[in-house]
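Have a look at the whole fold before we turn to single side chains.

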Amino acid sequence: MKKFATLIILCLMLSSLACLPEVISFGQVPPALSAPITDSRLSSANDIANEPLTTVPAAANVHELTAVDVEAFLDGIVPLQLDREDIAG
C-alpha cells in the first residue's frame, strides 16, 4: 500500500511538471514599446523637467472643512460602521 501511495504521488508530481510550461506561458507579458525613445522625445522631457515649478492658485469655490462638517460626517458614518462590524457601541 505504501508503494502504491508513493507511486500515485510521483505520478501527480510528474503530471504537474508537465503542465508547468503551459502555466508559465499564459502569465502576464509586458507590452511592447510602441515607439523607440528618440532624442527629440528626450530633449522635450528634459525641457519640461528643467522648467521652474509654479504654484497652483487655490480655487475660489473651495469649502473649508470645519468642525461641524467633521461632526456631521462622524455622526453619520460611525453608527453605520459599528452596526456593520457588529461592534458594541
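pLDDT is the predictor's confidence in each residue, on a scale from 0 to 100. The mean pLDDT of the chain is 75, with 54% of its residues at 70 or more. Where pLDDT is low, the predicted coordinates should not be read in detail.

**Overall layout**

Which elements make up the chain, read from the N terminus? They run α-α-α, giving three helices and zero strands. How much of the chain is buried? Of the 89 residues, 0% are buried, where buried means under 20% relative accessible area. The accessible surface of the chain is about 8,900 Å², and carbon and sulfur atoms account for 67% of that.

**The helix α3**

α3 covers residues 67–84. With 18 residues at 1.5 Å each, α3 should span 26 Å, and the 25 Å between its end C-alpha atoms agrees with this. α3 is also hardly covered, as the count of buried residues among its 18 residues is zero.

**A nonpolar patch**

Leu65, Val70, Phe73, Leu74 and Val78 together make a nonpolar surface patch of about 470 Å². One of these, Leu65, sits in the loop between α2 (39–50) and α3. As a general point on helices, there are 3.6 residues a turn, so residues three or four places apart point the same way.

**The end of α3 and beyond**

How many salt bridges does a search of the whole structure find? The answer is one, and the partners are the side chains of Arg84 and Glu85, at 3.3 Å from N to O. In general, side chains of opposite charge can pair when their charged atoms come close.

Asp86 lies in the segment after α3. Its backbone deserves a glance: Asp86 has a positive phi of about 55° although it is not a glycine.

| Residue | Relative accessible area | Class |
|---|---|---|
| Leu65 | 67% | exposed |
| Arg84 | 60% | exposed |
| Glu85 | 44% | partly exposed |
| Asp86 | 70% | exposed |

Why is Glu85 classed as partly exposed? Its relative accessible area is 44%, and the partly exposed class lies between under 20% for buried and over 50% for exposed. Arg84, the other partner in the salt bridge, counts as exposed because its relative accessibility is 60%.

Key
Residues are numbered from 1 along each chain as its sequence is written. This is a predicted model: local features need pLDDT of at least 70, side-chain atom pairs count only at pLDDT 80 or more; totals for chains, interfaces and linings use all residues. Side-chain values use heavy atoms; hydrogens and water are left out. Patches are made of residues with over 30% relative accessible area and no salt bridge: like charges are joined within 9 Å, nonpolar side chains (Val, Leu, Ile, Met, Phe, Trp, Tyr) within 5 Å. Accessible areas come from the Shrake-Rupley method with a 1.4 Å probe; for residues, only the protein chains shown count as cover. A salt bridge is a side-chain nitrogen of Lys or Arg within 4 Å of a carboxyl oxygen of Asp or Glu. Helices (H or I, at least four residues) and strands (E, at least two) are DSSP runs, numbered from the N terminus. Buried means under 20% relative accessible area, exposed over 50%, partly exposed in between (1.4 Å probe, protein chains only). The expected span of a helix is 1.5 Å times one less than its number of residues.
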